[in-house]
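I opened the model today to look up a few places in the fold. My notes follow in the order I took them.

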Amino acid sequence: MPKEYRTGLTVEAIRQSVLDNLYFHLGKIPDTATQHDWYMALAYTVRDRLMQRWIKTVQNYTEDLTVVAYLSDEFLMGPQLGMHLINLGISNEISQALQGLGLNVQELAGQEGEPGLGNSGLGMLAACSMDSLATLEIPAIGYGIRYEFGAFHQEIRDGWQVEMTDKWLRHGNPWEVQRHEIAYTVNIGGHTESYYDEQDCFRVRWIPKFALKGTAYDIPVSGYRVATTNLLRLWKSEAVETFDYEAFNIGDYFGAVNEKIASESISKILYPDDEPYIGKQLRLAQQYFFVSCALQDMIRLHLLRWKNINAFSSSFAVQLNDTHPAIAVAELMRLLVDEHLVNWDKAWYITQNAFSYTNHATLTEALEKWPLSIFANILPRHLEIIYEINRRFLDEIWLKYPDNNEKSSSISLIDESDQKYVRMAHLGSLGSHAVNGVSEIHSELLKKTVFPDLYELYPERFLNITSGVTQRRWMALSNPGLAELITNTIGEGWISNLEGIKQLEAFANEPNLRKKWLQIKHENKSELTEILHARTGVSIRPDTLFDIQMKRFHESRRQHLNALHIITLYNRIKRNPQTDITPRTFIFGGKASPGYFIANLILKLINSIAEVVNNDPDVAGRLNVVFFPDLNVKNGQKIYPAADLSEQISTAGRESAGTGGIKFSMNGALTIGTSNGTNREIHEEVGAENMFLFGLSAEEISAMKSEGYNPMAYYNENPDLKAAVDLISSGYFSKKDTDLFKPLVDSLLCRDEQMVLADYQSYIDCQDRISIAFRDKEKWAGMSILNVARMGKFSSDRSIREYNEKIWNAAPLKIELEDK
């Protein structure tokens, strides 16, 4: 294939490249190619155009510069094709080339599946961070796990969640490049032996029970309109020896592949169930596996610079995304002390200077910790290292707080309050030079309630960096109609610098812009209406208020508070069918952890309410409830642009950030929310008149609980609340089965740990104000425009700049191409 066809950006070059990839890479001709074949040929065509950029960027990883190493066990990357087209600026050329072949780019993009590499907000943060790192031309490597299967594919049957295997790799992944030559041995279990070396220095040798191999799979991460294309390196676990020939020869055919099966289980699935003992072992082994591979890889790259191992922290700024990769602190110490013979004090200095730690927890009890017995069984050498780190740390504490055993106990890396545990968040904090929260409220919680003792000791380490998301995926790609309208109004600068979207504010009162704004919203809602009907069979009206809550199902996310509002509206109509209400469509989405009974019961309640409401002629056209199954990035790109109202109603103090709320606001949805996570910061940016806050603050909740909160009092004193709860209890939504939702009702009336009943009336009153506001479409459009115009702070570009200025200090590197 001539070079111009391999990398050229003209319509003809792209068209020929697609045909060549179809023929030479896939072994197909146009007459027999399926839509998926054409997608794969297109993906390889786009990847070819990334390759020069990618190689030029990666070559610099061995130069004398600081590379950001982003360690995360999740990367919620989403489909890649659309992002690369936007970043390369070749969407029009691709579309024209495919039209010449009788193909549609949107239909082919729809063939791309959802990568099963992430499932939560920290995965979203990781993916958006990688996009922004490349766009800001900061050299970076993302390190994670190449899961064979995602968490699970969600189906809804009879209103219940059913978990199906997420076989995201069944058709292959055209974006990845396997690197057989980049593989590392990872040891598990066994015991240690101490000895003195030839220089009479005390050493420890780890004698493992089991060893496996981590092989690298690389994925390019392009930046917006820049040549920088960073690296996402994922590790697949494999057996050191995949086949036991001796066992096979004596007839033990299954035993011959035992090691292969056991080794591959480490990277088999995202978030294995860690309730059983064996699940906990697998989860810890999984976390250790990928950080060990990552650190061994970093050390290899560092030594390729012909630099001394003592200078490691000048080569890599290692960011721990939440507590899951915190074992990296002990692993780097092991590699430095045991493998590279660095003395302890120097190794600890290197370690602390290399690592920084992002925490996502809001409660002390939510911090990850591992039973000592499991830790000793899986990582015996690391436990010794942690004990030594802890001994030295507690000696320091003892000098500062003599005879204060309570202080030592609360701050120790070992929790000895009940069964002994290793406190991983404490390890991550102690082994890092910077610890950050992900919103202003969350960072204050870290200082006051999550790590108060560590903050007292090391206040200079703690800082806030409010999370953001990338506007390139969540606006330019997901909402092309709105993106085009904004660009036509203020230019395209906002795509690379979202702070520039502030210019849109000057046009918020223009009738023509408001009219086009509402038209685009209606088109997005109409598209979602068709998707929902195809997937669920439920027919909804796009002219109703789309009230959307997209969160993982959890009591603290309070989907049941939303449900009580729906029932309250339903009761109003049933009492008086002629009552005048603003028509609403309630749309839910999110997964419940398979073992979390109450969360699954709340999900079932939502679907049971939907079954009743959607089939009641008294409310037809005024209320609809729909559940969008299998929430992920691909589905989210259709949901967020269609929302009128964003439900960010988690219990105050129980959500660290809330990137979902940012995505809704970026797409023009107004927010109803508590003073939680980024809600308060969005409120400060968009203005109180353009957002709907309700409910108790975290401080008020704490005070109420300390004084003795009684949920039954709220139930008995509020007739509407009582009527809503009683309707659930009566079996009205469960085909007269009064036992089905009894555990949920009992949890509300007897405990109500998430203050649902306490916040009910404030929530209802706020929703009533929203119903009135939505009727004035012109005013609502103006509020929506101002929400978008004031979202500049919440781009991941801004947060990555802050990480780099405050923590990493990595110099941007401009990649120059020989032939653009």
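I began with Phe 375. Setting aside neighbours within four places in sequence, I found Phe 375 in contact with Leu 284, Ile 327, Trp 370, Pro 380, His 382, Leu 383, Ile 386, Val 422 and Met 424. I kept in mind that this is a predicted model.

Next I looked up the core around this residue. The largest nonpolar core has 145 residues, and Phe 375 is among those that touch the most other members, with Leu 71, Trp 235 and Met 298. Helix H10 (residues 277–303) gives this core its largest share, 12 residues. Another core lies apart from it and holds 65 residues, including Ala 563, Ile 566, Cys 766 and Met 783. I noted the general rule beside this: in soluble globular proteins, nonpolar side chains tend to be buried together.

Then I turned to a sheet. I read an open sheet of 9 strands, in the order S5-S8-S9-S2-S1-S10-S11-S15-S16, with mixed pairing. I checked one pair inside it. Strand S11 (residues 355–358) runs parallel to strand S15 (residues 435–437) in a pairing of 2 bridges. Tyr 357 has Val 435 in S15 as its bridge partner.

Strand S17 (residues 545–550) was my next stop. S17 pairs with strand S18 (residues 584–589) in the parallel sense over 6 bridges. Leu 545 has Arg 584 in S18 as its bridge partner.

I moved on to a helix pair. The axes of helix H23 (residues 559–575) and helix H30 (residues 719–729) come within 9 Å and cross at roughly 100 degrees. That makes H23 roughly perpendicular to H30, because angles of 65 to 115 degrees count as such. From H23, the residues that meet H30 are Leu 564, Ile 567, Thr 568, Tyr 570, Asn 571 and Arg 575. Their counterparts in H30 are Asp 720, Leu 721, Ala 723, Ala 724, Val 725, Leu 727 and Ile 728. I sorted the residues of this contact into 9 nonpolar, 2 polar and 2 charged.

Helix H26 (residues 659–666) came next. 8 of its 8 residues are buried, so H26 is largely enclosed by the rest of the structure. Lys 663 is one of the buried residues. After H26 comes Gly 668, with a positive phi near 90 degrees.

I also looked up Tyr 763, in helix H32 (residues 756–775). Is Tyr 763 buried or exposed? Tyr 763 counts as buried because its relative accessible area is 0%, and the cut-off is under 20%. Its contacts beyond four places in sequence are Leu 561, Asn 562, His 565, Glu 647, Ile 649, Ile 672 and Phe 694. Tyr 763 and Leu 693 are 70 residues apart in sequence, yet 8.7 Å apart in space, C-alpha to C-alpha.

My last entry is Arg 790, in the loop between helix H33 (777–789) and helix H34 (796–808). Arg 790 is buried, at a relative accessible area of 15%. Leaving aside neighbours within four places, Arg 790 is in contact with Lys 502, Glu 505, Glu 685, Val 686, Gly 687, Glu 689 and Asn 690.

Terms used. Residues numbered from 1 in each chain as written. Predicted model: local features only at pLDDT ≥ 70, side-chain atom pairs only at ≥ 80, totals over all residues. Heavy atoms only, no water. Core = buried A, V, L, I, M, F, W, Y, C linked by side-chain atoms within 4.5 Å. Buried < 20%, exposed > 50% of the residue type's maximum accessible area, 1.4 Å probe, protein only. Helix = DSSP H or I, 4+ residues; strand = E, 2+ residues; numbered from the N terminus. Contact = heavy atoms within 4.5 Å. Pairing = 2+ DSSP bridges. Axes fitted to C-alpha atoms, helices over the stretch in contact; angles between N-to-C directions. Parallel < 35°, antiparallel > 145°, perpendicular 65-115°, else oblique. Nonpolar A, V, L, I, M, F, W, Y, C, P; charged D, E, K, R; others polar.
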